[in-house]
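I opened my notebook to look up a few things in one structure. Come along and check each entry against the picture.

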Amino acid sequence: MNAPTPSVPASGIASSVGASVIFGTIFMIPPHLLPLDPEQILGYRIVAMVAFLAAFFCVARMWDQAAALVGRLRATPHLVGVLVLDAALLGLQLWLFGWAPQSGHGLDLSLGYLILPLVMVVVSVVVYREKLSRRRIAAVLCAAAGVTAAVVLAGGLRWPTLLVALGLPLYFVSRRAFALDSAAAQLLELTAMLPFSVLVLTVKPSLDTVIHRPRLIAGLVLLGLLSAAGFALYLTASRVLPFSLFGVLGYVEPVLLVLVSLTFLGEPWQPADSFVYLPICAGLVLLALEPTAGESGAPKHPAPRFDSACA
């Protein structure tokens with residue numbers, strides 16, 4: 001299991017940390033979007049993300065990539081089903097992110113994000129045959145100790161926790177395996193969700209409410225912009241980093257959320273929190289000591305592909 005510590009792309013680490021900072025910011029937005037419910041927020045969020053990504057494609061002149069992917073989907077129709085499945089997996093996570101805090105399942109969601117990186121490390125070893133360095137093994141063991149404490153304190157696992165911990169790894173594995181891990185694929189995934197947005201915003205009309213409340217307009221625009229940027233960075237990191245490192249770096253987000261809660265929201269530090277977050281922080285420190293490469297590159301152990309063509 002032990003292997004020499006490989007250098008990793010600094011750009012991939014920066015992308016992962018940047019995405020964590022953005023998602024930590026996004027987590028504070030939904031409470032300010034009342035009286036919109038989670039489904040309405042998701043509907044507007046999808047529309048805004050598609051709009052911002054389309055604008056980015058125009059500015060960056062990347063529509064040729066989208067056209068190439070559409071051509072590939074036409075040549076291999078079964079990939080359309082894969083892309084729709086990926087869109088459903090992503091949409092479920094987006095909905096859960098908004099639903100859990102408003103329905104009393106915020107702790108279950110948080111626990112899912114604590115377990116998620118460990119699941120991704122397991123996937124990296126079992127599916128991608130990645131070899132973990134001694135330092136990375138130590139980081140995983142530290143994180144595992146903190147997660148174990150969190151599960152015990154939470155009294156076990158509930159379905160929102162499992163949806164996060166198992167659903168996102170499946171999403172990333174599918175994207176890599178079918179070579180659908182591009183920005184163009186992300187745009188098509190979100191476009192595939194637009195019928196859901198139309199349905200929700202038709203069944204639960206709220207346009208009049210939004211139009212007459214500038215606060216809601218600003219919040220939804222900010223949510224869409226940050227979501228598009230956050231997922232772009234997150235998916236970039238998922239492409240260029242070894243899966244194990246990509247997974248463990250997921251602990252940056254919950255640690256940032258704790259810091260925000262302590263410094264800006266005035267929440268007290270409970271003694272039990274030490275058993276959860278101090279080991280996780282120790283693991284992140286160990287990861288910070290790993291060497292990085294100056295330029296991005298492909299993961300040392302690339303994912304197995306079911307289709308050799310790339311988007």
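My entries below go through helix packing, backbone details and cavities.

**Entry 1: ground rules.** I am working with a predicted model, where local features need pLDDT of at least 70, side-chain atom pairs count only at pLDDT 80 or more, and totals for chains, interfaces and linings use all residues. Residues are numbered from 1 along each chain as its sequence is written, and side-chain values use heavy atoms, with hydrogens and water left out.

**Entry 2: α5 with α7.** I took helices as DSSP runs (H or I, at least four residues), numbered from the N terminus. Two packed helices are described by the angle between their axes and the distance between the axes. I looked up α5 and helix α7 (residues 159-177): their axes come within 7 Å and cross at roughly 40 degrees. The axes are lines fitted to C-alpha atoms over the stretch in contact, and angles run from 0 to 180 degrees between N-to-C directions. The pair is therefore oblique; under 35 degrees counts as roughly parallel, over 145 as roughly antiparallel, 65 to 115 as roughly perpendicular and the rest as oblique. Contact (heavy atoms within 4.5 Å) involves residues including Leu 109 and Tyr 113 of α5 and Val 164 and Phe 172 of α7. I noted 16 nonpolar, two polar and one charged residue in this contact. Here Ala, Val, Leu, Ile, Met, Phe, Trp, Tyr, Cys and Pro count as nonpolar, Asp, Glu, Lys and Arg as charged, and the others, Gly among them, as polar.

**Entry 3: α2 with α9.** I found helix α2 (residues 38-60) packed on helix α9 (residues 194-203) at about 135 degrees, with axes 9 Å apart. That makes α2 oblique to α9. Among the contact residues are Leu 42 and Ile 46 of α2 and Phe 196 and Val 200 of α9.

**Entry 4: backbone.** Most residues other than glycine have a negative phi, and most peptide bonds are trans. I found a cis peptide bond joining Leu 34 and Pro 35, with omega about 20 degrees; Pro 35 sits in the loop between α1 and α2. Arg 61 is not a glycine, yet its phi is positive, about 55 degrees. I located Arg 61 in the loop between α2 and α3 (63-75).

Entry 5: How big is the largest cavity? I noted a volume of about 280 Å³. A cavity is a set of points on a 1 Å grid over the protein atoms alone where a 1.4 Å probe fits but cannot get out, and lining residues have an atom within 4 Å of a point. Grid points are joined across faces, edges and corners, and a volume is the space filled by probe spheres set on the points. Of the 20 lining residues, Phe 23, Tyr 113, Leu 168, Tyr 234 and Glu 253 are the closest to its centre.

Technical notes
On a 1 Å grid over the protein atoms alone, a cavity is a set of points where a 1.4 Å probe fits but cannot get out, and a pocket is an open set with protein on both sides within 12 Å along at least five of seven lines; lining residues have an atom within 4 Å of a point. Helices (H or I, at least four residues) and strands (E, at least two) are DSSP runs, numbered from the N terminus.
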